[in-house]
Amino acid sequence: MYEITSNMSKEHREFLKKVKRKEVAIRTTQIIILIAFFAVWEIAGRLKLIDPFLFSQPSRMLKTIINLSEDGSLFTHIWVTLSETLIGFALGTFIGIAIAIMLWWSSFASKVAEPYLIVLNSLPKIALGPIFIVWMGNGEAPIITMGLAISLIVTIISLETGFMQVDEDKIKLLKTFGATKYQILTKCILPASIPTIMSAIKINMGLSWVGVITGEFLVSKAGLGYLIVYGGQIFKLDIVMSSVLILSVLAALMYVLLVYIEKKIIKWQ
């Protein structure tokens with residue numbers, strides 16, 4: 001994001017170097033904290049300060065992951081959860097953006113929808129799980145729908161709020177030059193709302209994971225959520241903790257990818 005060129009002043013180059021050094025220090029500290037956490041966890045288990053049967057250990061988790069990988073079942077479970085999450089995430093993002101645009105376009109529709117959005121956002125989505133299962137059967141559809149239900153309303157509310165907070169002076173200026181509502185949307189509202197959209201997408205990503213795992217708890221016969229439930233039922237906490245660890249890695253990789261895309265978009269702008 002920060003590139004040092006020969007055309008920059010000495011002061012500017014020094015400033016960018018300080019920014020890069022700070023970024024490196026932050027990343028290094030994050031990695032050290034993560035390594036220290038797993039090291040303390042492993043040592044505490046070996047010294048019997050914690051019960052490895054109840055809390056597992058990094059070494060036991062690694063062994064469990066290797067064992068599940070040998071017969072290929074782990075990759076099947078990862079793919080099931082990842083595909084369901086990506087579908088729910090994509091649907092939630094595109095539908096959320098489309099509805100938010102429609103609500104910005106029509107103040108009447110926005111006022112009509114406002115109480116319904118608030119109620120739906122407050123509704124415990126897990127309560128809808130059994131209903132989705134009855135409606136859609138015992139498969140991937142209710143799980144994806146659960147992920148969509150959890151993320152969609154939050155996406156709509158956050159995006160609509162962001163659209164409404166765009167500088168009114170910019171909109172008035174475009175209107176003065178005779179811009180249509182479509183031109184205001186494409187030339188002002190959406191470009192000005194890129195940070196809001198990216199923030200909403202990041203939140204949507206996390207909520208999609210939550211929704212899919214919740215759905216897998218209820219109905220799935222495969223996936224990381226299924227592994228967590230299965231491990232808990234047979235009291236093999238190594239499977240549970242390994243699944244949670246894999247989920248954390250997948251979520252982190254998706255977040256890193258979104259941050260990379262965000263930087264590219266900002267740089268392009």
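Modeller: Start with Glu262, which touches Met198 and Lys202 when residues up to four places away in sequence are not counted. Keep in mind that this is a predicted model.

Biologist: What makes Glu262 and Lys202 a salt bridge?

Modeller: The nitrogen to oxygen distance between their side chains is 2.7 Å. The cut-off is 4 Å between a side-chain nitrogen of Lys or Arg and a carboxyl oxygen of Asp or Glu, so the Glu262 and Lys202 pair qualifies.

Biologist: Why is the pair of Glu262 and Lys202 also called a polar contact?

Modeller: That label has a limit of 3.5 Å for N or O atoms. The side chains of Glu262 and Lys202 are joined at 2.7 Å, and therefore the distance falls within the limit.

Biologist: Which parts of the chain does the pair of Glu262 and Lys202 tie together?

Modeller: Glu262 is in helix 12 and Lys202 is in helix 10 (residues 194-218), so the parts tied together are 60 residues apart in sequence. Helix 12 itself covers residues 237-268.

Biologist: Why is Glu262 called buried?

Modeller: Its relative accessibility is 16%. Buried means under 20%, so Glu262 gets that label.

Biologist: How many salt bridges does a search of the whole structure find?

Modeller: Three. One of them joins Arg60 and Asp238, with the closest N and O atoms 3.1 Å apart. Arg60 lies in helix 3 (residues 58-70) and Asp238 in helix 12, so this pair links parts 178 residues apart in sequence.

Biologist: How far apart are the closest N and O atoms of Arg46 and Glu42?

Modeller: They are 2.7 Å apart, and the two residues form a salt bridge. Arg46 and Glu42 are both in helix 1 (residues 10-46); because they are four residues apart there, about one helical turn separates them.

Biologist: Are Arg46 and Glu42 buried or exposed?

Modeller: Arg46 is exposed, because its relative accessible area of 59% is over 50%. Glu42 is buried, because its 12% is under 20%.

Biologist: Why would such side chains pair at all?

Modeller: Side chains of opposite charge can pair when their charged atoms come close.

Conventions: Residues are numbered from 1 along each chain as its sequence is written. This is a predicted model: local features need pLDDT of at least 70, side-chain atom pairs count only at pLDDT 80 or more; totals for chains, interfaces and linings use all residues. Side-chain values use heavy atoms; hydrogens and water are left out. Helices (H or I, at least four residues) and strands (E, at least two) are DSSP runs, numbered from the N terminus. Buried means under 20% relative accessible area, exposed over 50%, partly exposed in between (1.4 Å probe, protein chains only). A polar contact is a pair of N or O atoms within 3.5 Å; within protein, one must be able to donate a hydrogen and the other to accept it, and residues adjacent in sequence count only if both atoms are side-chain atoms. Contact means heavy atoms within 4.5 Å.
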